[in-house]
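Could you show me around this model, one selection at a time? I have it open in a viewer and would like to know what to click on next and what is there.

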Amino acid sequence: MKVFVVLLLFATIALYEIPGLMRKKEWPELITSSVLLAIGFTLSFLQVIGVDVPNPNKGIEYLIKLLTS
Amino acid sequence: MKRRILIYILCLALPFVLTGCWNRKELSTLSVVQAIGIDKLEDGQINLTLQLLKPAEIKGSSGMKGGGTGGGGKSVWVVTVTGQTVFDAIRSATHQVDRRSLFSQNKVIVIGEVAAKAGIAPLLDLAIRDSELRELAYIFIAKGKAQDIIEAENEQEKVPAKALENLAKATRVTSKAPEITLFDLMKSLVSRTSSPFLPGLELVDRPEGTTIKKQVELCGTAVFKRDKLVGWLDGKESRGLLWVLGKVKSGIIVVESPDAETKKVALEIIRASSKVTPEMTDGKLTVTVEVKEEGNLGEQMSQVDLTKPVTFKALEEKQAAVINDEISAALDKAQEWGIDLFKFGVEYHRKFPAEYPELEKNWEEEFKNIAINIEVDAKLSRVGLSTTPVNAEEE
Amino acid sequence: MIEGGKISYKQMILLVFVSRIIGWIAFLPVILASPANQDVWIDCLMAAPIHLIVALPVYLLFKKFPNQTLYEYSQAITGKIGQWVVGILYIWFFIHMAALNLSNFSEFFTTIIMPETPSLFFVITLTLVSAYAAHKGIEVLGRLSEFIAPIIMIALIGVVLLLVKDMDLKELTPILEKGIYPSILTGLSPVAQTVEIIGLAIIFPFINDRQKIKKVYIFTPLLLGLFLFILTISVIALLGDDLAKSLTYPFYSIVRLVHVGNFLERIEAIHVAVWILGMFIKTAFYYYLIVLGLAQLFHLKDYKPLILPTGTIIVSLSNVLGQSIVELREFISFNIYTWYTLFFILFIPSLLLLTATIRKKGERSR
């Protein structure tokens, strides 16, 4: 169910953005927004199917503790 | 055109959003909690007593129409539940109460004596943590069981919790018990040196023939060490405590009349303030408590003309002596117990920040050994509508 | 030109003000920052001067490159590769900040008002509204903040005035118990939270009058310092520092304490309303910084197609960050968060400024 909702959501966004850009032949815009959308999709899809996405805060915390101590 | 259609669709969709969301609470699905009583049973379980409002009854029987629809019905419903913790007990209440309990209108929290002796902080954690309970609710300690206090009815008020709330506010008139909200209590519980105190409530028997057998009455101050109840101050000592803290708002001071020792004179406290000055010489701690008070001649039962400079002066001195006596009664008891109710520790922190960490470590002993000077400056300003009593003796 | 809009210096100050103050009216983390005693109000006085120092590199960089945003002049200073490194770092930083912001938003809501509502609902709603504002560009953001900032100021000052009668200024003593140095260090904490300093490096070129930048540079810290001081002093004077430290939302807790007579109480809804308004501006501002950066970095003609895709990243990232409130608090604490943000708002700009000076790039400032 959740997977379906996420797929639907991202499909809607893609359908809303891509045709206009294709028509105007704005290729750089199209590539950038597709890449961003792909990142967003990966992040949300992984969460929806139950994969533990690593928390970036933990990495930053580790780095800073390493540098300050 | 496309745009316009989109806007129309959005407008049509709006009402569905406006109806509310997950956490909506309709009045007809709620039971409004007015007072909470917390007791501890022998096996360590929490016994929770909730006073729930019955709105229909209140509407039916209040105001001019009295004796109408809901004449005989009670306007509150008292529910008692048991649980491992307070929250657990609250949720267990749903096995008896069909509606969801709403705590945001809660006026009073009463804690039983047994529970208070075991420590009040764990019992109040929920009240502080949960966003539904108010920090401005009044807190009392029951002599005996909190359940009895919550269950007790009141002659005047349809909702007994309202009566308890008014009792808390009425302490201003006598200053013989403190007025403490959950917020005040949180502030004093967090302190490392000073200890909290709360007003007490007890049930007293009423004369035969009245409809309500027992009545709730204010009785002095419950005193805590950290969060555990250790003892009680009576009315006089409670006012002594409030004098030092500068929290006396009003009250009556009864003194013996000059020139007629057996007759009494009542002086009304109009305003009072206090100043605590901590001193430290060679590691010896001395605290000076200065209390300034202003009063009126409220009533005299003697026939002496008191409005002469000499007698007025004598009255002021007697008044100061009574205040002094009240303060030292409270101080003696507190020092005997080693409980800093007067925020002396805080005052030392403010004046001697460098030495304070050392003092804090062993504050209980330090507090017991503080030498205290009491200075009372009591004035009388007004005499009321009459100067001499109507049946004044001729001189 | 990607952004054709211009905003006035007042709008710029207010934009930063709203975006910053809104975090403080919920968390007020300065209370928790190291010596953490009754002296925090002195730390708040320290904040404005420290802010001026920290924002200096950004200001000087603007003097050298008055027509360019941070993303653009990093190319002029360090070349193509440098621009990519700096650009990606900052875009990550703003995405991270926006996501953090959204998790805070949903945390506040689920704690205070609607504990049963899924937090994703709040996050998505706010993101959509902010996306619309960001879509409309900097001019709309400026006007919005000019409209909303007075509402926030009046609400905050009104609440504080209602509470004055309950305050005990003795709670602020003893003064400087642990000396002045911890206070200066703690003064760094609210400044380090002011991510908007680097946000200004990006919106400075959009001011309508270049001469007024100096005013933005000077008045922003003063206004923020003043309000931080008012907030902190009222929290400490009402609660005392010990209690304030143990509360999740100190300022919200004191708003709950407002009671005037028997008729004016329970006005915390005002706090919530103000919080939503401010959060909207803040999220939209961060949002705008991200999409503008992306567009400038990839040399796009327009940033608008990037808005929704970026939104999906922010929302899903905020969901990752907000999973555990305890971990989130650990990250926002003084020891971690301060150094993380200082790296971006002070270290990188200083490095850029140094390189620009050595390589003699940009206009000579007179």
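Start by selecting A:F10, A:I13, A:Y16 and A:E17 in α1(A), which meet C:L308, C:P309 and C:T312 in α11(C). "Meet" here refers to contact: two residues are in contact if their C-beta atoms, placed from the backbone, lie within 7 Å. The helix names come from DSSP runs (H or I, at least four residues, for helices; E, at least two, for strands), numbered from the N terminus. This is a predicted model, in which local features need pLDDT of at least 70 and side-chain atom pairs count only at pLDDT 80 or more, while totals for chains, interfaces and linings use all residues. Residues are numbered from 1 along each chain as its sequence is written, and chains are lettered from A and ligands numbered from 1 in the order in which they are written.

The residues of this contact of α1(A) with α11(C) divide into five nonpolar, one polar and one charged. For these classes, Ala, Val, Leu, Ile, Met, Phe, Trp, Tyr, Cys and Pro count as nonpolar, Asp, Glu, Lys and Arg as charged, and the others, Gly among them, as polar.

Now show both helices whole. α1(A) and α11(C), residues 307-321, pack at an angle of about 160°, with their axes 10 Å apart. That makes α1(A) roughly antiparallel to α11(C). Axes are lines fitted to C-alpha atoms, for helices over the stretch in contact, and angles run from 0 to 180 degrees between N-to-C directions. Angles under 35 degrees count as roughly parallel, over 145 as roughly antiparallel, 65 to 115 as roughly perpendicular and the rest as oblique.

**Zoom out to chains A and C**

How many residues of chain A are in contact with chain C? There are 26, and they touch 24 residues of chain C. Colour α1 (2-24), α2 (27-48) and α3 (56-68) of chain A: each supplies at least two residues of the side that touches chain C. α2(A) gives the most, with twelve residues. By class, this side of chain A has 14 nonpolar, eight polar and four charged residues.

While you are on chain A, click A:K65 in helix α3. A:K65 is exposed, with 12 other C-beta atoms within 10 Å. The rule is that a residue is buried if 20 or more other C-beta atoms lie within 10 Å of its own, exposed if 12 or fewer, and partly exposed in between, with C-beta atoms placed from the backbone. Then draw a line from A:K65 to A:L15: they are 50 residues apart in sequence and 44 Å apart in space, C-alpha to C-alpha.

**Next, bring in chain B**

Two pairs of chains are in contact, and chains A and C share the most contacts. Chain A and chain B do not touch; their nearest C-alpha atoms are 14 Å apart. Between chains B and C, 14 residues of chain B are in contact with 18 residues of chain C. Look for α8 (182-189) and α11 (344-351) of chain B, which each supply at least two residues of that side of chain B. α8(B) gives the most to it, with three residues.

Select B:K343, in the loop between α10 (309-337) and α11 of chain B. Its phi is near 60°, a positive value in a residue other than glycine. With 19 C-beta neighbours inside 10 Å, B:K343 counts as partly exposed.

**Finish inside chain C**

Which residues join α1(C) to α7(C)? Select C:M12, C:V16, C:S19 and C:R20 in α1(C), which meet C:E196, C:L200 and C:I203 in α7(C). These helices, residues 9-24 and 196-203, pack at an angle of about 150°, with their axes 10 Å apart. That makes α1(C) roughly antiparallel to α7(C).

Two loops complete the tour. Click C:P174 between α5 (138-163) and α6 (181-193) of chain C; a cis peptide bond joins C:T173 and C:P174, with omega about 0°. Then go to C:H299, between α10 (268-297) and α11 of chain C. Phi of C:H299 is near 55°, again a positive value in a residue other than glycine. C:H299 is exposed, with 9 other C-beta atoms within 10 Å. Most residues other than glycine have a negative phi, and most peptide bonds are trans.
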